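Open the structure in your viewer and get ready to click along. Each stop below tells you what to select and what you will find there.

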Amino acid sequence: MNSNLNFDFTVNKENNSIRIKREFNANLELVWEAWTNPEILDQWWAPKPYLTKTKSMDFRENGSWLYCMISPQDEKHWCKADYITIDPKNSYSYIDNFCDENGNVGIKFPNSHWTNVFSENGAITNIDITIQYENLEDLEKVVEVGFKEGFSMAIDNLDQYLEAQFMLRQQNKSSK
């Protein structure tokens with residue numbers, strides 16, 4: 001991981017939100033695909049040693065992503081992202097919930113409203129994420145269970161994926 005890349009994680013208890021600003025050493029097209037393609041999401045979304053497995057994904061407004069995070073003990077934690085808005089290669093928003101394997105939302109854990117905004121500056125892609133919670137109690141619960149640490153591990157997985165893609169593209173260029 002390139003430690004020179006910006007990573008800002010801010011919890012705002014006044015408006016019940018988390019804001020994450022992160023730079024990636026990759027072009028916008030590759031980063032956008034990594035966040036919107038289920039085969040790629042399965043490679044990085046869960047913090048190690050967990051794995052992600054997509055059951056279904058319909059990346060469009062009013063579509064959804066149904067996936068589970070699988071523990072080393074093979075425990076499955078199902079989640080569902082219901083897409084609200086999508087502006088290709090610029091932004092998308094969704095409601096994130098824990099659910100059962102059929103996508104039926106449970107109430108044991110708070111839902112959150114994510115807005116992901118992408119921008120490119122040369123070879124660097126920036127993502128500005130705002131995660132909104134209904135109330136302070138929900139926000140504090142997510143922070144207490146280690147969201148920052150888990151999300152940071154997942155982002156490290158994404159860095160490794162992007163670096164591997166960069167190396168693969170370099171090898172392909174040099175073999176031509």
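We begin with the whole chain and then visit a handful of residues one by one.

**Stop 1: the whole chain**

Before you zoom in, keep in mind that this is a predicted model. Show the chain as a cartoon and look for four helices and eight strands. If you follow the cartoon from the N terminus, the order is β-β-α-α-β-β-β-β-β-β-α-α.

How does the radius of gyration of the chain agree with that of a compact globule? For 176 residues, such a globule would have a radius near 16 Å, and the chain has 16 Å, so the two agree. Along the principal axes, the C-alpha atoms fill a box of roughly 55 × 35 × 30 Å.

Buried residues make up 43% of the 176 residues. Among contacts with a separation of 6 or more, 47% are between residues 24 or more positions apart.

**Stop 2**

Select Asn16, in the loop between β1 (7-12) and β2 (17-24). The phi angle of Asn16 is near 55°, which is a positive value in a residue other than glycine. Is Asn16 buried or exposed? Its relative accessible area is 15%; buried means under 20%, so Asn16 counts as buried.

**Stop 3: Asn27 and helix α1**

Move on to Asn27, in the loop between β2 and α1. At 32% relative accessibility, Asn27 is partly exposed. Which end of α1 does Asn27 cap? Asn27 caps the N-terminal end, with a side-chain oxygen 3.2 Å from the backbone nitrogen of Glu29.

Leaving out residues up to four places away in sequence, Asn27 touches Glu120, Ala123, Thr125 and Arg169. For a contrast, draw a distance line from Asn27 to Ile107: these residues are 80 apart along the chain, and their C-alpha atoms are separated by 38 Å.

Next, select helix α1 itself, residues 28-36. How many of its nine residues are buried? Seven are, so the helix is largely enclosed by the rest of the structure. To see them, highlight Leu28, Leu30, Val31, Trp32, Ala34, Trp35 and Thr36.

**Stop 4: a cis peptide bond**

Go to Pro49, in the loop between α2 (38-44) and β3 (51-57). The peptide bond joining Lys48 and Pro49 is cis, with omega at about 10°.

**Stop 5: Asp74**

Select Asp74, in the loop between β4 (64-70) and β5 (76-87). Although Asp74 is not a glycine, its phi is positive, at about 70°.

**Stop 6: Pro110 and Lys141**

Now find Pro110, which sits in the loop between β6 (91-99) and β7 (112-121). Pro110 has a relative accessible area of 12% and is therefore buried. Which residues does Pro110 touch, not counting residues up to four places away in sequence? They are Asp138, Lys141 and Val142.

Lys141 is in helix α3, residues 136-144. At 33% relative accessibility, Lys141 counts as partly exposed. With residues up to four places away again left out, Lys141 touches Lys108, Phe109 and Pro110. From Lys141 to Phe109 the C-alpha distance is 8.4 Å, while the two are 32 residues apart in sequence.

**Stop 7: Asp159 in helix α4**

Finish at Asp159, found in helix α4, residues 147-174. Asp159 has 7% relative accessibility and therefore counts as buried. With which side chain does the side chain of Asp159 make a polar contact? The partner is Arg22, at 2.3 Å. Select both residues together to see the pair.

Key. Residues numbered from 1 in each chain as written. Heavy atoms only, no water. Helix = DSSP H or I, 4+ residues; strand = E, 2+ residues; numbered from the N terminus. Rg over C-alpha atoms; globule rule 2.2 N^0.38 Å. Buried < 20%, exposed > 50% of the residue type's maximum accessible area, 1.4 Å probe, protein only. Contact = heavy atoms within 4.5 Å. Polar contact = N/O pair within 3.5 Å; in protein donor to acceptor, adjacent residues only side chain to side chain.
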